[in-house]
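Me: I have a model open and want a quick walk through it. Can we take it piece by piece?

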Amino acid sequence: MDTSSSGAAEAAASNLKTEHSNQGIFHAVWTFSFRMVLRYIKNSYKDDPFRTFLEICLIGFIIWYITKQKYNIGNNEIVLSEKEIDELVEEWKPEPLVPELTDFEREILDKAITIDGPNGTKVRLASGTNTKPVINFASYNFLGFLDNPDLEKRAYETLRKYGVGSCGPPGFYGTLDVHMELEKQVAAFVGHSAAILYSQAFATTLSVIPCFSKRGDIIVADESVCFQLQQAITLSRSKVYWYKHNDMADLERVLKDVNMQLAGRKGKKALPRKFIVTEGLFQNTGDISPLKDLVDLKHRYKFRIILDESYSFGVLGKRGAGLTDHFNIDPHEVDLMIGALCYAIGASGGFCCADKDLIEHQRLSGLGYCFSASMPSILTVAAADAIQALESNPDSYLSSMRENTTLLRNLLKRIPGLQVDGDSESPLIHIRLTPETLVRMKRSGGAWTNTDIKRVLMELSDETQKDGVLFTSSQYVDEHERLLPNPSIRICVSAAHTRKEIEKCAHAVKSAVSRITSKKR
């Protein structure tokens, strides 16, 4: 045998040995693995047969999912010609993003009032035919801070120091020293433990109520609360009960029913949180809540109170500190007090006063606080200066506002055919034509609709505008209102109005009512 043949035989023998060795190792591993799996199954079945059954089902599902026939969208593709594509494009009409405006809605939009220049007790209008300044009774400028020269000067200084805005949420880098100072100032002025600032008044309500009242909790609310409170209650997803406007007997009936339902529940379920929600000064009616009765019912039936003081803060009470100041009640009796700085105070944003633990909870769970940029420093300082001015000299602002309110209410009540609504101490006045007047005006027969009455009130405000007095008719999102208020004209009395301006306002209303009611319809 030659050398080459001997080498080939040795190589073949070596490969054969290696192959037998690999097969031996694979056989040993397979045998070992099989035995381990078999032992695991035996032990598992012995200790927990349900787990073995579950694992087999899972393996079977995985095999079925991998081997099943997949859906191929390409098999259902429809091939269109260029002509068919063009025809479909021409026929397609997109749906409108919002519903088409009705004729009356278009009329309201066309008559929308636009102010040319800064807001205040006297303004110039960019819309309409009146080019002279008109007396403003449309803005919530109750204390006259909107055109206060001292606040304007401080605003310029703040703008140069801090710039326009923080551009960040308070919890990140949006908190400045002026924000923390204003929170302490508001809490001290109201008399509560602590306060938190929000950059928008509307967002304050929408953040505070859902922050504490969740799904499964209970809210008992006045049926005449304003739109923003209604939206906040909806966002909370709580179970809601409504009571008649400012009717404490009906409120007590509802509270009794709620507690009876909770007492009759089966099982040991956790008790839900229970809240009474109302306004201090009602935007839609001008009424004031009977806080003493609310506090009494709160303790009797174990509820908490959420009080919206957006329109009463800076207006009611000896110091202007709101409803608790008005009734001389300890502010701690109100568990969550919501307020606005954009109405009587003339700045922007809102706040919530409560115990310190409840305030700190909002810094992590209040959506308007966590995800909105903080209030601009210029408006923060304006709010702080306005509160300081009110606190240092309350009589100068509150006495003038209340004297003007009383005078205007008395003058308006003398006008034939006019209905004046709201509490006697409320600078927020709603006026309407009396039902008897409307009956006399409907000469052509037929019943009055809300649209008819709104159109007449718009005519009335147009007539007063010609006489140099600016009003606005109350507007509502009809389909979203729990209890749609009757159409009205809203009048906001300010401490900055003079007696002559108040008398001119009443005279303009009287002349407008006379002209409107004498028309044949």
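**Hairpin, rings and cores**

Reply: Start with the hairpin made by strand 10 and strand 11, which has 6 residues between the two strands. Gly422 sits in the turn, with a positive phi of about 110°. Keep in mind that this is a predicted model.

Me: How many bridges join strand 10 to strand 11, and do they run parallel or antiparallel?

Reply: There are 4 bridges, and the strands run antiparallel. Strand 10 covers 418-421, and strand 11 covers 428-433. Leu418 stands opposite Leu433. Asp421 has His430 as its bridge partner.

Me: What order do the strands of the open sheet have?

Reply: The order is 10-11-14-13, 4 strands with antiparallel pairing. Strand 10 and strand 13 (472-473) each have a single partner strand, so one side of each is left without a neighbour in the sheet.

Me: And what joins strand 11 to strand 14?

Reply: Another 4 bridges, again between antiparallel strands. Strand 14 is residues 489-492. One of the bridge pairs is Ile429 with Ile491.

Me: How many residues of strand 11 are buried?

Reply: 6 of its 6. Both faces are covered. Leu428, His430 and Arg432 are on one side. Ile429, Ile431 and Leu433 are on the other.

Me: New topic. How many aromatic pairs are there?

Reply: The count is 13. Take Phe137 and Phe471: the ring centres are 6.1 Å apart and the planes are at 65°, so this pair is edge-to-face. The two residues are 334 residues apart in the chain. Phe137 is in the loop between strand 2 and helix 5. Phe471 is in the loop between strand 12 and strand 13.

Me: Are Phe137 and Phe471 buried or exposed?

Reply: Both are buried.

Me: Why is the Tyr311 and Tyr343 pair called stacked?

Reply: Because the planes are at 15°, and planes under 30 degrees apart count as stacked. The ring centres are 4.5 Å apart. The pair links distant parts of the chain, 32 residues apart. Tyr311 is in the loop between strand 7 and helix 12, and Tyr343 is in the loop between strand 8 and strand 9.

Me: How accessible are Tyr311 and Tyr343?

Reply: Tyr311 has 3% relative accessibility, so it counts as buried. Tyr343 is at 13% and also counts as buried.

Me: Which residues do ring pairs link into a cluster with them?

Reply: Tyr140 and Phe142 join Tyr311 and Tyr343 there.

Me: Which charged end sits over the ring of Phe189?

Reply: That of Arg319, 5.2 Å from the ring centre.

Me: OK, cores. Which residues touch the most other members of the largest nonpolar core?

Reply: Val220 and Leu341, out of 64 residues. Leaving out residues up to four places away in sequence, Val220 touches a set including Tyr241, Leu251, Phe275 and Phe303.

Me: Last one. What is the phi of Cys167 and of Asn328?

Reply: Cys167 has phi near 60°, positive in a residue other than glycine. Asn328 is not a glycine either, and has a positive phi of about 55°. Cys167 lies in the loop between helix 5 and helix 6. Asn328 is in the loop between helix 12 and strand 8.

Me: Is Cys167 buried or exposed, and what about Asn328?

Reply: Cys167 is exposed, with a relative accessible area of 66%. Asn328 counts as exposed too, at 72% relative accessibility.

Methods. Residues are numbered from 1 along each chain as its sequence is written. This is a predicted model: local features need pLDDT of at least 70, side-chain atom pairs count only at pLDDT 80 or more; totals for chains, interfaces and linings use all residues. Side-chain values use heavy atoms; hydrogens and water are left out. Two strands pair if DSSP finds at least two bridges between them. Rings of Phe, Tyr and Trp (its six-membered ring) pair if their centres lie within 6.5 Å; planes under 30 degrees apart count as stacked, over 60 as edge-to-face and the rest as tilted. Buried means under 20% relative accessible area, exposed over 50%, partly exposed in between (1.4 Å probe, protein chains only). A charge sits over a ring if NZ of Lys or CZ of Arg is within 6 Å of the ring centre and within 35 degrees of the ring normal. A nonpolar core is a set of buried Ala, Val, Leu, Ile, Met, Phe, Trp, Tyr and Cys residues joined through side-chain atoms within 4.5 Å. Contact means heavy atoms within 4.5 Å.
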